[in-house]
Amino acid sequence: MTASVTPAAAKIEFTTAPADYYLHEDSVTQGAISLTCITSLGKGNWLKNGASVKFPIDKPKPSDSGVYQCYVRDSDSWAMKSTHLLVTQKLSVSVTAPTELDASTKGTFSCTIGGYPAPDATIIKTDLNNENSTLAVCAGDKTTNCIKQSGSTYTVEIDHSNLESSGIYTCKVHHKYRLADGSAVEKSDKKSAPIAIVSPVDVYSLTTKTGDLQFGTEATFTCNVRGGRAPYKVEMKFGDTVVYVFSNNEK
């Protein structure tokens, strides 16, 4: 009696296998993307998170990033190969801020950021002496002195009671990802806005010669002004009559 032998199933070969990593930069400006996977049984089927995916993807978005599997099987065997797709989106940043605050008005510096991979943001103030100080770091869930308003908008409160809060406020954004060859690329952008803290205008002293004056003699009347924002315009009145006007506005 001769025993029968079942032939071993042929191994499925990837004749055109997908690379381990694909990069599709700046999804807004680039075209469709298609991944190729051909096996000894023909074209493989693509899966992402267990769901079937059809290529090409005409308008790829950052949400299309992730791990894809090329899957093929017959009655005796199956094969799968995974690849990672990253669809980046160009960095963007915009800022909103008051140009001027006084001691009675609260204000904030807001920074709205975009891009993929999700960028981090750093808010910096450059004071009147051109010295920089970091006010906040906004990096996903790891934030320092940073208030998240909604979506991708972050804010810092401005100390409006301190004249030294005046300066140039800057939001710097940054993200990093790797290229198909394994090397890393870093991109950044920034936007700035000037903010001035202004104290209330105050006439803090008046100096004049007292007593009677003889006709033809001179007298000095001094008006000291502080606060506010230059240029100043000062009017001196005798009753309802303007007798002197001073302005340091050169325009």
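Biologist: In which strand does Thr83 lie?

Modeller: This is a predicted model, where local features need pLDDT of at least 70, side-chain atom pairs count only at pLDDT 80 or more, and totals for chains, interfaces and linings use all residues. Residues are numbered from 1 along each chain as its sequence is written, and side-chain values use heavy atoms, leaving out hydrogens and water. Strands are DSSP runs of at least two residues, numbered from the N terminus. Thr83 lies within residues 78-87, which form strand E8.

Biologist: Is Thr83 buried or exposed?

Modeller: Buried means under 20% relative accessible area and exposed over 50%, with partly exposed in between (1.4 Å probe, protein chains only). Thr83 has a relative accessible area of 2%, so Thr83 is buried.

Biologist: Which backbone oxygen lies 2.5 Å from a polar atom of the Thr83 side chain?

Modeller: Thr83 touches several residues, including Pro18, Ala19 and Asp20, where contact means heavy atoms within 4.5 Å. The backbone oxygen at 2.5 Å from the side-chain polar atom belongs to Ala19.

Biologist: Why is strand E11 largely enclosed by the rest of the structure?

Modeller: Strand E11 covers residues 107-116. The strand is largely enclosed because the number of its ten residues that are buried is seven.

Biologist: Which residue in E16 is the bridge partner of Thr112?

Modeller: Two strands pair if DSSP finds at least two bridges between them. E11 and strand E16 (residues 153-158) run antiparallel and are joined by six bridges. In E16, the partner of Thr112 is Thr153.

Note on methods:
Helices (H or I, at least four residues) and strands (E, at least two) are DSSP runs, numbered from the N terminus. A polar contact is a pair of N or O atoms within 3.5 Å; within protein, one must be able to donate a hydrogen and the other to accept it, and residues adjacent in sequence count only if both atoms are side-chain atoms. Lists of a residue's contacts leave out its neighbours within four places in sequence.
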